[in-house]
Amino acid sequence: MPEPSGPSVRIPGAASLAQGEARTFSFSRAGKTYEGFILRHRLGFFAYANACPHWNVDLDLGFGDFYDPELDAIFCRNHGALFRPDTGLCSAGPCAGLYLEKFELGWDGGDALVEVGSLTLIGAENLG
Ligand code: FES
């Protein structure tokens, strides 16, 4: 797998996450510290900023659970928005049609390398 081209965050042992399990990580951007999470899903590993596009607040309220296996969705604990695990698209809730900020992933053995260097997702529907 290709190495990330920008600043990246190493997530040690991420390859051993169980399906449906997520792990948070911190990253810096423009001098500020933010949080993201990596999720292992049946379709693969996916990493996103821990920020709901509705209010730009933590999805998990600090509980560390991001994925509901019965709904097969990432969810926001604030108002219940649901997101597709593979794309971050909000399929239901107050931010329907918007996306979580998704990060590219690389691997170094069992460690994930999450590229967080730049804002990677601005969907046209996010600009309205
Ligand atoms: S803050 Fe996520 S749905 Fe309202």
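## An all-strand fold and its core

Among contacts in the protein between residues at least 6 apart in sequence, 46% join residues at least 24 apart. Two residues are in contact if their C-beta atoms, placed from the backbone, lie within 7 Å. This is a predicted model: local features need pLDDT of at least 70, side-chain atom pairs count only at pLDDT 80 or more, and totals for chains, interfaces and linings use all residues. Residues are numbered from 1 along each chain as its sequence is written.

The protein has 10 strands and zero helices. Both are DSSP runs numbered from the N terminus: helices are H or I, at least four residues, and strands are E, at least two.

Of the 128 residues, 31% are buried. Buried means 20 or more other C-beta atoms within 10 Å of a residue's own; exposed means 12 or fewer, and partly exposed lies in between, with C-beta atoms placed from the backbone.

The largest nonpolar core holds 31 residues, and I38, L39, A47 and V114 touch the most other members. Such a core is a set of buried Ala, Val, Leu, Ile, Met, Phe, Trp, Tyr and Cys residues joined through C-beta atoms within 7 Å.

Strand 4 gives the largest share, four residues. A47 touches G36, F37, I38, F103, L105 and V114, not counting residues up to four places away in sequence.

An open sheet of four strands runs 5-6-7-8, with antiparallel pairing. Strand 5 (67-68) and strand 8 (90-92) are at the edges with a single partner strand each, so one side of each has no neighbour in the sheet. Strands pair if DSSP finds at least two bridges between them. Strand 6 and strand 7 (residues 82-83) pair over two bridges. F75 stands opposite L82 in strand 7.
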